[in-house]
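Hi everyone, and thanks for coming. I'd like to walk you through a structure that may be new to you, so please have a look at it on the screen.

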Amino acid sequence: MIDRMRRLCWLVASVAAVLAAPAWAQETGFTLRATDVKAKPFLDAELLAKLPEKTPVTVLVRQGGWMQIKVGETQGWVRMLSLRLGNPDPKQNDTSLLAAITRSSRPSANPTVTTGVRGFSEEDLKAAKPSPEEVAKMESFAVPPAGAAQFAVAGKLVAQRVAFVKADGKPEKEKK
Amino acid sequence: MNARFAVAAMLAACCLLAGCAPEQTAAFMKNVGGVEGLVRNIKDASGTIDEPREIELGHGMMETLLGARPLVPDAEVQRYVNFVGAWVAAQSDRPGLPWRFAVNDSDHVNAFAAPGGYVIVTKGMINTLHSEAELAGVLGHEIGHVIRKHHLAALRKGAFMNLLGAGAAAGAAGKSSGELVQALVGPTKDLYSRGLDKDDEFEADRVGIVLAARAGYDPYGLPAALQTLAKIKADDPYLALLFKTHPNPGARLDQLALAMGAGFDRFQGSPQNADRFRYATRNLRPPQ
């Protein structure tokens, strides 16, 4: 009886743990490039394994710029931006760096050409009549700076000094 | 110049004779100058547009954008996105703008901004996010478009200017007191169906991660949101439009990998506030 109770408690605890985990836990993913697996989510942590490009992995949890993954018997941490979620699919968009650079070096004088509409269907936007009432409603929910600061404290958020970064990661020059 | 003044004066006189209140007349006069002044301002090669006009412009564009899809009728979530957004925007170099945030009632996954501090995220976008840090990153990206004036840059490009100019002429000749809004309807629809410049999107991503980090969040919220988007099939109808107006999420992640390097590792362990996010947005999620 006690044994059965214990087993039930363990089951309840396991289910609770699964429910408490982030919604994307236990996703599949794959490595974009050759990637180190570390024992902890830090660059200088112990090296557990080296994964070649396009290794399928199970993603357990994200912590900052790292994801905890499982591959075979190995469980450890890899750089989040060395992974993509889902399965490698040659028909999907080419996400390689070369492709990204080619895309981003297109002449930038032309805005992206598209028939799509950002945020709602094209039909919605075409049919739109200006709605001052909705904008007034939007303005009524505005939060003053003091309220935002209180909200930050409640969320244990502490403001940091961080410079804007350029495309290569170097800091932008601060405006005087 | 004299002719324009004469027309404005004549219209104002008509308005007075028709029994408008003096405030309405003043607003009308301001709008006549407003539209034409706006066109002049945006056309200005030096790219200067004063802040009151920028806010007026954004307000006018927002009337059309919210005319397309209204706010979700959930005061709690509206207030919540304003708390997160106001805190993130306070870390920008334009903290004094009248920042306004809203969730609109659309299942499409997207977010967009208008000049002067207006930001909308769709209900569909909220439902793909997992934490407040991800929301902060998405709002940070939109705040980036506003503080770097990307919409104004897009408006300055030919087609929009002609539309705005035509709207302004129609407005000045018309009888409506909302001619600024009317003049903006065409350019707004045009701009938001074309999207912004690709490089401006990449820049807004970099601003987004930095603002989230400054606000004390885990700066990897925006990349995490992009990873979610990257695994959704490109032919999903609710995402097709976002994909058409933006570089694909994979390209954006590659650019962020270059820009972030290991430079944001010092924020490892910063809050994601997933619980607060899930609670505040619980009524938007479809029943399981």
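This is a predicted model: local features need pLDDT of at least 70, side-chain atom pairs count only at pLDDT 80 or more; totals for chains, interfaces and linings use all residues.

Let's begin with chain A. How many helices and strands does chain A have? Its secondary structure comes to five helices and seven strands. If you trace chain A from the N terminus, the elements go α-β-β-β-β-β-β-β-α-α-α-α. So much for the order; now for the packing. Chain A has 176 residues, and 26% of them count as buried. Looking at contacts in chain A with a separation of 6 or more, 47% are between residues 24 or more positions apart.

Now to a spot where chain A touches chain B. Which residues meet here? From helix 4 of chain A we have A:Pro132, A:Glu134, A:Val135 and A:Met138, and facing them from helix 3 of chain B are B:His59, B:Met62, B:Glu63, B:Leu66 and B:Gly67. Sorted by class, this contact holds five nonpolar, two polar and two charged residues.

Next, let's go into chain B and look at a sheet. Three strands of chain B make an open sheet, ordered 1-3-2, with mixed pairing. Strand 1 (100–104) and strand 2 (111–114) of chain B are the edges, each pairing on one side only. From one strand to the next, the twist averages 20°. Strand 1 of chain B pairs with strand 3, residues 118–122, in the parallel sense over five bridges. If you'd like a landmark there, B:Phe101 stands opposite B:Val119 in strand 3 of chain B.

What lies across these strands? That is helix 6 of chain B, residues 132–147, which runs at about 30° to strand 2 of chain B.

Helix 6 of chain B also packs with helix 11 of chain B, residues 221–231, at an angle of about 95° and with the axes 7 Å apart. That makes these two helices of chain B roughly perpendicular. Among the residues making the contact are B:Ala133 and B:Gly137 of helix 6 and B:Leu222 and B:Ala225 of helix 11 of chain B. By class, the contact divides into six nonpolar, four polar and one charged.

Note on methods:
Residues are numbered from 1 along each chain as its sequence is written. Chains are lettered from A and ligands numbered from 1 in the order in which they are written. Two residues are in contact if their C-beta atoms, placed from the backbone, lie within 7 Å. Helices (H or I, at least four residues) and strands (E, at least two) are DSSP runs, numbered from the N terminus. Ala, Val, Leu, Ile, Met, Phe, Trp, Tyr, Cys and Pro count as nonpolar, Asp, Glu, Lys and Arg as charged, and the others, Gly among them, as polar. Two strands pair if DSSP finds at least two bridges between them. Axes are lines fitted to C-alpha atoms, for helices over the stretch in contact, and angles run from 0 to 180 degrees between N-to-C directions. A residue is buried if 20 or more other C-beta atoms lie within 10 Å of its own, exposed if 12 or fewer, and partly exposed in between; C-beta atoms are placed from the backbone. Angles under 35 degrees count as roughly parallel, over 145 as roughly antiparallel, 65 to 115 as roughly perpendicular and the rest as oblique.
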